[in-house]
Amino acid sequence: MADPDLRDLDVFLAVARTRNFRRAAVEMRASVSSLSQRLRDLEERLGVRLMNRTTRSVALTEAGELLLSRVAPALRDVGDALDQVRGLREVASGRLRINAPPPAVDLVLAPMVGPFLAAHPQVDLDIVSESGFVDIVSGGYDAGVRYGEHLAQDMVAIPLSGPQSYVVVASPDYIARRGRPLHPKDLLEHDCIRARYSSGVMHDLEFEKAGQIVKVDPPAKLISTNMNLAMRAALDGVGVWATLDGYVGDPVKSGALVSLMEDWCEPFPGPFLYYPSRRQTPPALRAFIEFVAEWRKREERGK
C-alpha cells in the first residue's frame, strides 16, 4: 500500500479545520471535487474512513480525530523548517521599523545602529522614540522595545541589554547648599529634576533596598523629558536628578555630579526587544534579532 501523499494530508487538515469542503477549497485555491477526490484517495490508502460527510456537514471519525491530533503539529513543524531553510537564501533588506522609549534608544539602540547597518547595507532602519505605550501591530512596527513589566503576553521577547540601574545625582554645589539625601524620603525636602510622560503622568520615584520598596513623590523644581536639559540643570545645581546610570557615568567619574543613595539603587533587567509571534519572521527583523544575540555575547565576554 502506497504511503499517503503530503498534499492529501494538507487537504485533510484544511477540511478538518474548516469542517466545510467549500471553504477549504477557497482556502487552498482548488475545486471542491479535487479536494473530495484527494480525501477519498487518502482514505483508500489508509484503509479507514476519516470523515463522515453529508451535503451540509463534515464530521471527523475516531480515526480522523486521531490523525488530526498527530499530523497537524507535525506538518506545522515541517512548514516552520521549510520557512527557515528558505530564509537562508533571503538577503536582509527593506525597512525595519522599531518603536522604543527614549532611554532605550539613547543607551542601548544607538551604539548598535552603525554596526548593524554596516553589516546589513540593504536594510533601512526607522526608529521611533516614544515614551508612551504603543500597539506595534496596529502602528505598523516590526518590533518594539519595552521593559519587562510592560510587555504584552502574546509577544516574543528577547533581552536587548544587560541589567540597568537608576542613580540619584546632584552637583557638588547643590550638596554644599542643601545637604546630602541619605534616604528616599529625604528627597521630599529637596528640589528635584523630574520627567512627565507623554500621557501626562509623572510617576513616583521608586527605590529598593534588601527587598524593601519605597516610593516618593518629591517636589519638582524642573520638569522636562529632554535629557540634555535635565543634564544641564543637574550640572548647574538646580536640583537632585534620578536617572539611568548610562546617562551620567562620565559626569560622576569626573566629579561634576555626585552619586547619592547608592544603597537604594539596585539593578533591574534592561529593556527587551519584542515582536509578534509568527511562523516566518521578516528577513530584516531576523537579521536584527541575530545581531542583538551576537552583540550581547560580545558584551558578556567584555565584562
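A salt bridge is taken here as a side-chain nitrogen of Lys or Arg lying within 4 Å of a carboxyl oxygen of Asp or Glu. In this predicted model, the side chains of D217 and R194 meet that description, with 2.6 Å from N to O. The pair links distant parts of the chain, since D217 sits in the loop between β10 (212–216) and β11 (220–223), while R194 belongs to strand β8 (residues 192–194), 23 residues apart. The two partners can be described by their accessibility: D217 counts as partly exposed, at 47% relative accessibility, and R194 counts as buried, at 4% relative accessibility.

**Salt bridges**

The structure as a whole holds 14 salt bridges. Side chains of opposite charge can pair when their charged atoms come close. One of these bridges joins the side chains of D8 and R38, again with 2.6 Å from N to O. This pair, too, links distant parts of the chain, with D8 in helix α1 (residues 6–18) and R38 in helix α3 (residues 32–46), 30 residues apart. D8 counts as buried at 1% relative accessibility, whereas R38, at 26% relative accessibility, counts as partly exposed.

| D8 | R38 | 2.6 Å |

**Cysteines**

A disulfide is a covalent bond between the sulfur atoms of two cysteines. A search of the whole structure finds zero disulfides. For C192, the closest cysteine sulfur is that of C265, and because the two sulfurs are 13 Å apart, they are too far from each other for a bond; the cut-off applied to a disulfide is 2.5 Å. Viewed from the other residue, C265 is likewise in no disulfide, the nearest cysteine sulfur being that of C192, 13 Å away. Both cysteines fall in the buried class, C192 with a relative accessible area of 2% and C265 with a relative accessible area of 16%.

**The β9–β10 hairpin**

Strand β9 (residues 205–209) pairs with β10 in the antiparallel sense, and five bridges are found between the two strands. Within this pairing, F207 of the chain stands opposite V214 in β10. The two strands form a hairpin with two residues between them, and in the turn A210 has a positive phi of about 50°.

S259 lies in strand β13 (residues 258–260) and, at 17% relative accessibility, counts as buried, the class being set by a limit of under 20%. The side chain of S259 makes a polar contact with the side chain of E262, at 2.9 Å. When neighbours within four places in sequence are left aside, S259 is in contact with V168, V169, R180 and V252.

Terms used:
Residues numbered from 1 in each chain as written. Predicted model: local features only at pLDDT ≥ 70, side-chain atom pairs only at ≥ 80, totals over all residues. Heavy atoms only, no water. Helix = DSSP H or I, 4+ residues; strand = E, 2+ residues; numbered from the N terminus. Buried < 20%, exposed > 50% of the residue type's maximum accessible area, 1.4 Å probe, protein only. Pairing = 2+ DSSP bridges. Polar contact = N/O pair within 3.5 Å; in protein donor to acceptor, adjacent residues only side chain to side chain. Contact = heavy atoms within 4.5 Å.
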